[in-house]
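Please look over the sequence and the structure before reading on.

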Amino acid sequence: MSSLSRDDVAKLAGLARIEMSEEELVNLSQEFTVILDAVARVQEVAGADVEPTSHPLPLRNVFRVDVVVPSLTPEEALSGAPAQEEQRFRVPQILGEE
Amino acid sequence: MIRNSAAEMAAKLVAGETTSVALTQAHLDRIAAVDTDVHAFLYVDTEGALAQAAAVDVKRAKGEKLSPLAGVPLALKDVMAQKGVPTTCGSKILEGWRPPYDSTVVANLKKNDIVILGKTNMDEFAMGSSTENSAYGPTHNPWDLTRIPGGSGGGSSAALAAFEAPLAIGTDTGGSIRQPAAVTGTVGVKPTYGGVSRFGLVAFSSSLDQAGPCARTVLDTALLHEAIAGHDPKDATSINAPVPQVVAAAKSGDVKGMKIGVVKELNGDGYQPGVRARFEESLELLAEAGAEIVEVSAPNFEYALAAYYLIAPSECSSNLARFDAMRYGLRVGDIDGASAESVMNLTREVGFGKEVKRRIILGTYALSSGYYDAYYGSAQKVRTLITQDFTKAFEKADVLVSPTCPTTAFKIGEKANDPLAMYLNDIATIPVNMAGIGGMSLPSGLADEDGLPVGFQIMSPVMKDEGMYSVGAALEAALLTKWGAPLLDKAPIMGGAR
């Protein structure tokens, strides 16, 4: 039987950049016991000789001619920004304090 | 007028019996009258729709050559970007976002002068089968307001069934066009993957997502299909080939000599008696119309649901990483000295709903080192086996058929706390997405036990979408003769619709 502990869920939530309450962590770990049992069925059927399919179309690289075409103006690109400054996205601090 | 098909509305526009402004206003009035109860729309673009309608009327008055659906109104699922119009995907994280560009589907609608009434409700980021996962509250099924309209495209299906729009756009990742169509007595088509551009469709699971047409008749879906389909250089997975001739197929409805394969595994246990009865009846009608009914087997379909709930969450965990509070959408916790990481964590906690978080965490797990091969890798192999099952089945039949979903519409709240029970809704629709083929749902009648609509699913091979339209049109015509009137005439009259 597969399962995920509360701490496992907390680690995954950290990787997925989602803050979670204690209640959410506990609920999710309980739900995952059931969900993982259901999805683990995929391991029953396919042998080593079966090729994986990641995509329904047999496409390789799709190329286009490298020419400049009109795109968004800076104003349009910034139109949904939560904060902006001097025609740029203003974001919270990314690097730690020196 | 609002109870006509889109094709009939278009004919009246051509004949000068009405104008697009009048037609659009009639639908806006209908929305104002019933949408408080139905809640199909998240945003009604009154001004934009009327302006677009007025522009079509001017073009028509000048004698310009117009496309077949010019001037007919449409409801747009809120997952498609439309320039300047709020696009939320049913999520708080995109509340207030107005895209600075049009999705290709929207650009094609505008090119065809189809009038966009507004944006329809959906499960958050298209994850769900009931529209209960919308951050803006559920949509109600016009057949019974205490029941779900299907999902994720429940706003689009409810708008059609409530006569708020004759046409709608949906997107289908595991059944989000077909299952809502089935439970509301409307028609929905998921075209071949790559048949309609995904540019500007906010991605949930990129290898499965496909936009498609929804309407109340097979011919209307075909007309809308041809308006939105075609190669698009902005979508690298768009198929560079001519659009299948679906309008001609829907007009002919000829199934003489066609082989129709009944998928043995998509029937029987777990399917409601009324669903099975309507399915059998439809098969008899198709046989009477000259089709040959054969049985086919797809032994790996029983693993499709499990594979889907690994592949879709895996892709979603990656796709939804873009909602990082930096460039658009919600930003929470941006106080002096807060780090970007803590802002992301807090924003995603507040901005995403329960099901979206559940799937992001499941996908993060399935893709994580040490579990990748056992989960995501195995699921991809199952995908290969499902595709092989379809290939073999299509050697024996031109199209395949099944009930669209195991049950009729359930009550709002009934399955909200049981994710696995909810996922079972999609058991018959998911294989189609896994293989990238075409699928249609059309109404096959009402279940005797509850009087609610039942859907009939038709599946076509890659880029042979015309097959499902021929069969759909044939069945629709036979059922109409049997019933004497469209199925939606039996739906409760809401808000005094004529």
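## Covered elements of chain B

Helix α7 (residues 218-228) of chain B is mostly covered, since 11 of its 11 residues are buried, where buried stands for 20 or more other C-beta atoms within 10 Å of a residue's own, exposed for 12 or fewer and partly exposed for the range in between, with C-beta atoms placed from the backbone. Among these buried residues are D220(B), H225(B) and E226(B), along with L223(B) and L224(B). Just after α7(B), G230(B) takes a positive phi of about 125 degrees. Helices (H or I, at least four residues) and strands (E, at least two) are DSSP runs, numbered from the N terminus.

The model is predicted: local features need pLDDT of at least 70, side-chain atom pairs count only at pLDDT 80 or more, and totals for chains, interfaces and linings use all residues. Residues are numbered from 1 along each chain as its sequence is written, while chains are lettered from A and ligands numbered from 1 in the order in which they are written.

A159(B) lies in helix α5 (residues 154-161) of chain B, and A159(B) is buried because 37 other C-beta atoms lie within 10 Å. Leaving out residues up to four places away in sequence, A159(B) touches A40(B), F41(B), A75(B), T120(B), E164(B), A165(B) and A168(B), a contact being counted if the C-beta atoms of two residues, placed from the backbone, lie within 7 Å.

## Helix pairs

The table sets out one helix pair from each chain; axes are lines fitted to C-alpha atoms, for helices over the stretch in contact, and angles run from 0 to 180 degrees between N-to-C directions.

| Helix pair | Angle | Axis separation |
|---|---|---|
| α9(B) and α16(B) | about 100 degrees | 9 Å |
| α1(A) and α2(A) | about 110 degrees | 8 Å |

With such an angle, α9(B) and α16(B) are therefore roughly perpendicular to each other; angles under 35 degrees count as roughly parallel, over 145 as roughly antiparallel, 65 to 115 as roughly perpendicular and the rest as oblique. S282(B), L285(B) and L286(B) of α9(B) meet V471(B), A474(B), L475(B), A478(B) and L479(B) of α16(B). The residues of this contact are seven nonpolar, one polar and no charged, with Ala, Val, Leu, Ile, Met, Phe, Trp, Tyr, Cys and Pro taken as nonpolar, Asp, Glu, Lys and Arg as charged, and the others, Gly among them, as polar.

In chain A, α1(A) and α2(A) are likewise roughly perpendicular to each other. Their contact is made by R6(A), D8(A), V9(A) and A10(A) of α1(A) and by L25(A), V26(A), L28(A) and S29(A) of α2(A), and these residues divide into five nonpolar, one polar and two charged.

## Chain A and the interface

Chain A has four helices and two strands, in the order α-α-α-α-β-β along the sequence. Buried residues make up 20% of the 98 residues in chain A. The average pLDDT of chain A is 91, and 97% of the residues score at least 70, pLDDT being the predictor's confidence in each residue, from 0 to 100.

How many residues does each chain bring to the contact? Chain B contributes 58 residues and chain A contributes 43. On the side of chain B that touches chain A, α13(B) gives the most, with 12 residues. By class, that side of chain B has 32 nonpolar, 16 polar and 10 charged residues.
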